Structure formats: structure tokens, C-alpha cells
Amino acid sequence: MTGKFKGYLNRLRENLETLDEQIENARRNSKAKKKGDTQALQWAKTLRDLVELRNVTLEKIKAHLLGRDETGAVMEPRDYYDCDDNPEISFERDFDRLLSPWTRKDLKLKCKDCGVSSEQVSVRHFPGKYKDPYHIEEITPPKNIELCQKCYEKRLSQESTDQNPSQDSVKDSANPSSLDEQITSMVSMVQELPPDQRQEWIQKLKGLGVIRET
Ligand SMILES: [Zn+2]
């Protein structure tokens, strides 16, 4: 059963393969002298129709891959891959990848957290964060991670607890011992950084008076 599953692009790919065979056949017949002029002419017309049908199928695939612009015209690779240095090649890569034969097994992705392989695993987007609990810039770049629903929800709930450090730090700064603890843990965190980053953070911390000149 798994091998028989056909996706939309798989069907279009099969249509193309059939059309290629028919075009080859029609081309041969249209050139065959012995069949007589009328038959050769008939085959030439068939060839023309088949080539047109093939172009329509290719255009459908292109529209499926690249979408349409606001006028309804199929997008061109250079518009779709607008940040890409080599849009035509990127398009050919996607075209080749998406039209390669595949089975239902290929639809499964592996969850990065629990390792389960399933069609339910999908690419989840985590927007980047800018947090500034100690008036020090910390930027988390956005991430796309392949996760199952359970692990996605788990990460979301973890993020939302991490996400309100400003509230906590306001609460904590009223409590001197806990501020001390935070500074200690921050200094030890900075000590573990690679040397080039460490120096930068030490300067920041000095600038804030968190640590004294040594
Ligand atoms: Zn998972």
C-alpha cells in the first residue's frame, strides 16, 4: 500500500514521463517516410499537441513550486529566489528534488527532540528573541526545528517560562542576595565563553559596574 501512494507532484511527474514517451513516438512517426505524407502530417499534428500538453504540465509544476504573483502570472525563479545568487540553479534543484519519485516513507520527518519518525512531524518556527534583563543585549536568532506536536508544545511552554525574565529580575532585584546570585552565575557563565567573546562581555559587565576592574 505504501508504495502506491501518489502525491500531486508524483502524478504530474508520471504525466510528463508518459508524454515524453508519446512525444518520442510521434516524432519518429512524423519523420517516417514510408508511412506516406498524410500519415506523417497527422503525426506532426499529434506531436505539436503533445508538446503543448507537456508545456502546460510543466507550467503547472512551476506554478505549484513558485506560486503566482498578484497579476496571476506564474512566478519566475529570479523573483521567487530573490535573495539567491543563482536563482535558476536553485529552481532546478527544487524541481529535481520535488519531482523525484518518492514513497510515503519519504513524507516522514524525524523529531529533533524525541526522535520519532512521522508524517505529523513538521518544521516549527521559533522567532528570534531580544531580551535585556540585565541591560545587556542578548539576541537569540530565529530557528526552524523539525518537531512533533508534543515536543513543540513542550518547547513552547519552556520558552514562555524563559520569556519573562524581566518580571523575575524586577522581583529579584528587590532581594539583594538573589541579585548577588544572579551576578555570580552570570560571571561564571562569562568565564566559560570562548576568549574573544569573553573579553567583550567582561567589558560590558565592567561598564555596568557589575564587576570591578582587575
Ligand atoms: Zn518529538
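This is a predicted model: local features need pLDDT of at least 70, side-chain atom pairs count only at pLDDT 80 or more; totals for chains, interfaces and linings use all residues.
Leaving aside residues up to four places away in sequence, K112 touches I145, E146 and L147. With E146 the separation is 34 residues along the sequence, but the C-alpha atoms are 5.8 Å apart in space.

The chain contains eight helices and six strands. Read from the N terminus, the order of elements is α-α-α-α-β-β-β-β-β-β-α-α-α-α. Of the 214 residues, 4% count as buried. Among contacts between residues at least 6 apart in sequence, 47% join residues at least 24 apart.

Helix 1 (residues 8–31) and helix 2 (residues 37–66) have axes that come within 9 Å and cross at roughly 160°. Angles over 145 degrees count as roughly antiparallel, and helix 1 and helix 2 are therefore roughly antiparallel to each other. Their crossing is left-handed.

The mean pLDDT of the protein chain is 80, and 79% of its residues reach 70 or more. Over residues 166–175, however, the pLDDT is below 50, and this stretch has six contacts in the model beyond near neighbours in sequence.

Helix 7 covers residues 176–191 and includes M186. M186 has 17 C-beta neighbours inside 10 Å, so this residue counts as partly exposed. M186 and L205 are separated by 19 residues in sequence, and their C-alpha atoms lie 9.5 Å apart in space.

Helix 8 spans residues 195–207, and its length can be checked against expectation. At 1.5 Å a residue, its 13 residues should span 18 Å, and the C-alpha atoms at its ends are 18 Å apart, so the two values agree. The number of buried residues among the 13 of helix 8 is zero, which means that this helix lies largely in the open.

How values were computed: Residues are numbered from 1 along each chain as its sequence is written. Helices (H or I, at least four residues) and strands (E, at least two) are DSSP runs, numbered from the N terminus. A residue is buried if 20 or more other C-beta atoms lie within 10 Å of its own, exposed if 12 or fewer, and partly exposed in between; C-beta atoms are placed from the backbone. Two residues are in contact if their C-beta atoms, placed from the backbone, lie within 7 Å. The expected span of a helix is 1.5 Å times one less than its number of residues. pLDDT is the predictor's confidence in each residue, from 0 to 100. Axes are lines fitted to C-alpha atoms, for helices over the stretch in contact, and angles run from 0 to 180 degrees between N-to-C directions. Angles under 35 degrees count as roughly parallel, over 145 as roughly antiparallel, 65 to 115 as roughly perpendicular and the rest as oblique. A crossing is left-handed if the near helix is turned anticlockwise from the far one by less than a right angle, and right-handed if clockwise.
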